[in-house]
Structure formats: structure tokens, C-alpha cells
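Welcome! Take a moment to look over the sequence and the structure, and then we will visit a few places together.

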Amino acid sequence: MSQIAVLATCSLNQWALDFEGNRSRILESVRRAKQRGAAYRLGPELEITGYGCNDHFLESDTYMHSWEVLAELLKSDECSDIVCDVGMPVMFKGLRYNCRVIFHNGQILLIRPKLFLANDGNYREMRWFTPWMKPRHQETLMLPDVVSAVTGQTEAPFGDMVIKTSDTILGTELCEELFTPHSPHIGMSLDGVEIFTNGSGSHHEFGKLRTRVDLIRSATAKAGGVYLYANQHGCDGERVYYDGCALIVVNGEVVAQGSQFSLEDVEVLTATVDLERVRSFRSAISRGLQAARAEVYPAVMAPKLSISVRERARQYGMVPTPTVRVHYLSPEEEIRYGPACWLWDYLRRSKMSGYFLPLSGGIDSCSTALLVYSMCDLVCLAISKGETDVLADVRRITGEKDFTPKDPKDLCSRILHTAYMGSQNSSQETRSRSKRFGEAIGSFHVDLNIDSVVAAFLAVFETVTGKRPIYKIFGGSPGENLALQNVQARARMVFAYLFAQLLPWTRGKTGSLLVLGSANVDETLRGYYTKYDCSSADVNPIGGISKTDLKKFIAYGVTAFDVPILQEFITAVPTAELEPITENYTQSDEVDMGMTYEELSVYGTLRKVSKLGPFGMWNSLLSSWGGFLKPSEIAKKVKHFFLYYSINRHKTTTLPPSYHMSPYSPDDNRFDLRPFLYNSSWSWQFRRIDETARELEEGTLGQRP
């Protein structure tokens with residue numbers, strides 16, 4: 001006989017320390033879950049505070065306000081007659097824990113602390129929290145007065161426990177615990193847990209969704225059970241974007257999948273499941289033998305609580321939700337939607353009037369502009385679906401109380417401001433391409449020349465020193481050549497902030513604009529940009545994306561956005577246009593760098609993802625490049641990369657916040673912690689490479705005494 005239950009999970013666009021807004025979004029998700037008949041509602045990790053509070057988790061205020069919000073949830077009529085599972089920080093015995101608080105009808109059933117903390121990549125949970133080091137152990141937490149006044153309880157169970165209702169057993173694992181080799185769901189499943197819940201705070205990265213889905217499917221494919229996965233989505237004030245995609249999985253099969261990128265603040269996912277199917281799935285003898293000797297979990301007993309539908313007549317009319325095919329986006333689609341959603345959250349929450357972008361005519365600034373256009377496309381789509389909050393944000397940002405955009409181009413004309421900042425070294429091709437592209441996407445575009453300002457800078461220098469630098473093609477030194485390029489780049493940065501502050505004023509509007517950067521992850525890794533030039537911006541949506549992936553995105557955009565001029569950007573040779581163009585010389589990025597963008601992607605992956613130093617990288621490349629390059633030639637390339645990487649590493653300390661997307665990002669803020677002052681000769685490492693390369697080519701490897 002079937003035992004039917006309706007369960008709900010969600011993804012919420014929470015914001016760090018926005019207790020008022022976070023509470024409202026939690027209540028809205030509970031309301032929607034109840035409307036759909038759900039008996040259990042799961043929310044994201046640390047949803048009361050927002051995941052990205054960082055060092056604010058060290059402040060007692062954060063814990064006090066979390067309890068205050070929880071008290072309001074406990075007494076809210078919206079939260080009655082449904083089990084609510086919310087995430088918040090809790091202090092217990094003087095230690096800070098990342099917890100789930102599970103309650104029903106104004107009574108706290110369990111406070112479950114996180115066992116394994118995320119502490120790599122962008123995650124630093126052990127800076128703020130202590131992991132619960134007592135598996136399968138229960139203690140008691142004394143509740144604060146603000147909660148006791150609502151619940152009548154003075155204490156609540158605290159620890160690694162499960163909840164036994166009249167009809168099933170529920171168990172929790174939190175985010176990182178799913179990713180560990182011996183996840184809690186293994187032991188819980190053997191001890192009879194049938195419904196697993198995972199409130200998570202997992203950010204977007206290329207292809208990461210597949211990892212999540214595979215782990216959840218494999219967990220229940222082997223152990224059986226219903227798995228609810230909730231996640232935050234949106235930019236809550238950091239460099240990452242939480243990409244939602246709530247899931248409900250039954251016995252290894254996905255029955256419900258939420259959206260990965262959305263402008264909707266609240267998305268609720270429900271599924272009708274039959275718990276008898278879990279029990280049938282677990283009938284294998286080998287599983288039974290392990291379960292029979294499984295260690296017992298302490299349990300909160302809730303005999304009056306039922307998760308399944310009690311009315312027999314109602315059960316007969318309910319059919320379990322069928323399996324769905326998991327939807328994955330292509331890399332180009334991930335670029336299209338992820339940074340666009342991040343930009344929208346940043347713009348509306350910063351209360352600025354739009355974006356300003358120096359548009360050079362190259363593929364990087366083109367990609368950045370296209371992401372803003374994609375943002376406008378998503379906004380228009382949301383408005384067409386009746387999302388009134390999005391329309392209200394548009395009207396506030398534009399300062400037009402009755403404005404409703406006709407299309408993305410209409411919105412882009414009000415939000416995106418672009419400028420071509422030409423010089424005597426600029427070509428007519430890039431100037432024209434920038435202008436025509438701005439027209440194609442509708443940006444408010446201006447064209448200016450920086451020569452007079454650069455000349456003024458150089459005149460001051462000449463007055464003070466009596467010397468005037470010249471370019472290398474006219475006989476100047478490398479130092480002169482570099483200084484002449486940098487003064488142009490830095491002049492553009494000053495102009496960018498001037499125009500960002502004043503362009504709205506010239507259009508009869510108030511407020512100012514956020515300046516967008518457009519340095520890709522490969523150039524950041526190599527240090528191929530000027531410190532304090534146009535890379536010095538407020539935010540950079542492509543700072544975690546490689547040049548190779550940006551080219552693919554632009555090619556995709558030709559048809560996806562119906563912008564034919566994008567094809568011209570793909571075929572154009574990447575150039576900074578900071579040196580004079582002559583009959584025999586045109587500056588080229590790859591020539592300047594001494595390496596290709598494809599090679600940079602390889603170096604970046606080996607350095608960060610594979611965790612290889614100079615010798616390890618050279619050794620690894622012997623197998624992949626050894627068929628067409630000699631060991632000494634590979635050595636030359638590797639040493640060239642590490643020389644310029646180490647010389648320029650200091651530049652990463654000044655970069656603006658960039659959207660995290662690449663697993664080999666050199667972001668110095670948190671993701672990639674390295675020195676910024678290196679001994680760039682790498683004398684020991686390079687000598688070992690050269691010695692081994694020589695021995696390989698001479699056939700004497702291994703013959704040294």
C-alpha cells in the first residue's frame with residue numbers, strides 16, 4: 001500500500017545581513033509550499049543571515065538577530081501545520097556552529113550543527129564556525145528568552161540526530177557533508193532514515209551542477225531514499241553567484257529540478273513521493289545485513305507528527321511525481337546567464353543608476369557589454385511573466401516611474417553607457433566596431449579622444465626632467481615604451497570614473513554609474529594589463545572566464561542574441577592598441593605575451609587545479625606536448641610563463657571583484673592565496689627543469705651518481 005507525502009524545497013535569493021528581506025523570502029517560500037500541500041519545507045544554508053556574512057559571523061549581534069528572526073517565524077501563522085527546516089548560525093557553549101533548526105507548529109524539534117565545514121576554494125567556514133565533533137551525540141541547548149517566550153520551551157535538542165515521526169524517519173546533512181567520502185547519509189540510511197534533507201550554499205562554477213546532481217543521485221541510488229536539496233541563489237554581496245537549482249531525488253532518479261539562474265527571489269519546488277517505494281528499493285539482502293548491525297542514531301521522537309498524507313481517500317487520488325530529465329546548460333549558456341544574474345543583483349542592491357563600460361572594439365569589452373545586454377534580456381523576460389518586483393527595480397534604477405521596457409535594447413539604452421576612448425594609436429576598425437556594436441545592443445555610446453590628456457601628462461614630465469620618452473619602434477627603450485602605453489591606459493581609467501559620475505547628469509537623471517572592468521582570467525593570470533587602468537573598476541563580470549571561452553560565447557551570441565556584428569569581434573586580432581600602428585608593425589596581444597591564450601588556459605589549469613609548480617607543470621606537459629616539442633622547448637615555455645606570472649602577481653591585489661566561474665581563477669582575495677612578491681628567477685626550480693630536460697634529450701636521464 002502506498003504512503004504518499006508531499007515535500008518542498010526551495011532556492012532563495014538571500015542577502016547577507018538583510019534580516020528583514022531574508023525573513024520575508026523565507027515566509028513566502030513557506031506560504032507557497034503550504035499552498036501545494038507540502039508537509040515539509042527545506043530552505044538553503046544559513047538562510048536567516050545569508051551565507052556570505054563572513055566575519056560578521058564572529059559578531060554576537062548576528063546571533064542575536066538570527067534568534068529574533070527565528071522567533072518571528074515560530075509565531076507566524078504561515079509556518080503552522082508544516083515542518084520548517086531553516087538555516088542559521090547558533091552559539092553553543094561559547095562556540096559558533098552552522099546549524100539547521102527544524103520546527104513544527106511553534107515547537108523546535110531539533111538543532112542540528114554541521115559536521116564537516118567547507119574550507120577550500122572560496123569557502124572559509126572554519127574561520128567562523130566550529131564543526132560538530134561528536135557524531136551521533138545529543139546535548140541540550142538552553143533557548144534564549146526571545147524564543148522561549150514564543151515556544152514555551154526552555155531548551156531544545158542539539159546534536160547529530162534524526163527525527164522519528166509516526167510514519168517515517170528524517171535525517172539532515174549540510175552542503176559539504178554530501179561531498180565528503182563518508183557522508184552522513186550512508187550511516188543514516190542504514191539506520192532507517194528515509195528522507196534526507198540538504199540545505200546548501202553552493203556557488204556556481206563551470207560544470208559544478210553535474211557534480212552536485214551526480215552525488216545526490218548516487219547517494220540515493222545506492223542507499224535508497226528521498227533526497228531534498230535546497231540552495232541559495234543570487235549575489236549576496238560577494239564575488240560568487242549561488243546558482244540555485246533545487247532538487248528532489250527519489251531512489252537515484254530526479255523527480256524535480258529548479259532553475260539554475262533566475263531573477264525570481266523565491267522559487268519553491270515540490271514533489272509527491274511514495275515512501276513505500278523507498279522501502280521496496282531497500283530490500284536487498286546485502287543492504288539488510290549491513291543495516292542490522294548499523295550504529296544507532298539518537299532520535300527526536302515526534303509520534304504525533306505525520307509527514308505522509310493521512311486521509312486514505314486523498315491518498316488514492318495522488319500520483320507520485322514522475323522522473324524528469326536533468327537539464328544542463330552548455331558552457332556558453334552558463335556564461336550568458338550566470339554573470340548576467342550577478343550583474344542584476346549587484347545593480348539593484350547597490351542602488352546605482354546603471355553601468356559604464358569603456359568599449360575598446362575588442363572581444364573582452366564586447367563580451368562584458370553583451371552580458372549587460374543578456375541581463376536586460378532576462379529582466380524583460382521576467383517582466384513579461386508578471387514579476388512585479390523586477391519591474392519596480394527597473395523603474396527605480398532608471399528613475400522613470402511609468403517606464404516598462406519594450407525589449408532588451410530599450411532597457412539597455414537607459415542602463416548601459418559605453419565609451420570608445422581613442423588615441424593616435426587606435427584604428428578606425430576598432431572605433432567603428434565599437435560604435436556599431438553599441439547601436440546594435442542599444443547602449444548610450446560616446447566617442448572621445450585621450451591624446452590631449454596624454455600629451456599634457458608627458459609635457460609635465462618633460463618640464464620636470466628635460467626628457468621625453470619615445471616608443472620602441474622609433475628607437476625608445478623597453479621602459480619608455482611601457483610607460484607610454486601605461487599612461488594611456490591609466491588616463492582611460494580616470495575618464496571612466498569621470499563619465500560614470502556625470503553621464504546620468506547630462507541625460508537629466510540622478511545618481512551615478514558602476515564602472516565595469518573587462519580583463520579576462522588568462523590576462524589576469526599572466527599579468528597582461530596595466531595596474532590601475534580600465535581593469536580598475538567596480539566589478540568585472542568576465543574576470544573568471546578565459547579568452548577561449550569568451551570567443552565561444554561571442555560566437556554563440558551571434559545567433560542567440562541576433563547580433564551579426566559579433567562575428568567581426570571573433571575574427572579581429574586581439575590588440576591593446578597602445579603602440580603606434582605602422583606599415584610594418586601592429587601590436588598583438590599574443591606576441592606581446594609570448595604565449596597563446598590556449599596555452600594560458602593550460603598553464604592556469606595545471607597551476608591551480610592540478611596544484612603543480614614549475615617542475616611539476618613541465619613534467620606534466622612532457623606527456624601532452626612531447627609529441628611536437630622537445631623537452632627543452634617545453635621548458636622554455638614553462639619558465640617564460642612562471643617568470644611573468646611571478647613578476648606580475650602583485651597586480652592581482654588591486655583587481656575589482658570578479659564573477660567567480662573558472663576553477664583556475666588567480667583571484668587574490670580568497671580563492672587563490674599566493675605571495676605577491678616572488679623571487680622571479682625561480683633559480684632552483686628552473687635549474688632542475690633544465691638539467692632534467694637536457695638529460696632527456698641526451699639520453700642520460702638516471703645516469704647521474
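Is Arg 100 buried or exposed?

## A charged residue in a strand

Arg 100 counts as buried, because its relative accessibility is 1% and the cut-off for buried is under 20%. Keep in mind as you read that this is a predicted model.

To find Arg 100, look in strand β4, which covers residues 95-104. A polar atom of the Arg 100 side chain lies 2.9 Å from the backbone oxygen of Pro 44.

Next, go to strand β19, made of residues 444-449, where you will find Asp 447. Asp 447 has a relative accessible area of 41% and is therefore partly exposed, since that class lies between 20% and 50%.

Which residues does Asp 447 touch, leaving aside its neighbours within four places in sequence? They are Tyr 420 and Arg 431. With Arg 431 the link is a polar contact from side chain to side chain, at 2.4 Å. Asp 447 also shows how folding brings parts of a chain together: Met 421 is 26 residues away in sequence, yet the two C-alpha atoms are 6.3 Å apart in space.

Now find helix α22 (residues 597-609) and helix α23 (residues 614-625). Their axes are 11 Å apart, and the helices pack at an angle of about 130 degrees. The crossing of α22 past α23 is right-handed.

Who makes the contact? From α22 come Glu 599, Val 602, Tyr 603, Leu 606 and Arg 607, while α23 brings Met 617, Ser 620, Leu 621 and Trp 625. Sorted by type, the residues of this contact are 6 nonpolar, 1 polar and 2 charged.

Where can you find a positive value in a residue other than glycine? One of the places is Lys 351, with phi near 60 degrees. Lys 351 sits in the loop between α11 (331-350) and β17 (355-358). With a relative accessible area of 60%, Lys 351 is exposed, because the cut-off for exposed is over 50%.

Tyr 532 also has a positive phi, near 65 degrees. Look for Tyr 532 in the loop between α18 (521-526) and α19 (547-560). Tyr 532 is partly exposed, at a relative accessible area of 44%.

Notes. Residues are numbered from 1 along each chain as its sequence is written. This is a predicted model: local features need pLDDT of at least 70, side-chain atom pairs count only at pLDDT 80 or more; totals for chains, interfaces and linings use all residues. Side-chain values use heavy atoms; hydrogens and water are left out. Helices (H or I, at least four residues) and strands (E, at least two) are DSSP runs, numbered from the N terminus. Buried means under 20% relative accessible area, exposed over 50%, partly exposed in between (1.4 Å probe, protein chains only). Contact means heavy atoms within 4.5 Å. A polar contact is a pair of N or O atoms within 3.5 Å; within protein, one must be able to donate a hydrogen and the other to accept it, and residues adjacent in sequence count only if both atoms are side-chain atoms. Axes are lines fitted to C-alpha atoms, for helices over the stretch in contact, and angles run from 0 to 180 degrees between N-to-C directions. A crossing is left-handed if the near helix is turned anticlockwise from the far one by less than a right angle, and right-handed if clockwise. Ala, Val, Leu, Ile, Met, Phe, Trp, Tyr, Cys and Pro count as nonpolar, Asp, Glu, Lys and Arg as charged, and the others, Gly among them, as polar.
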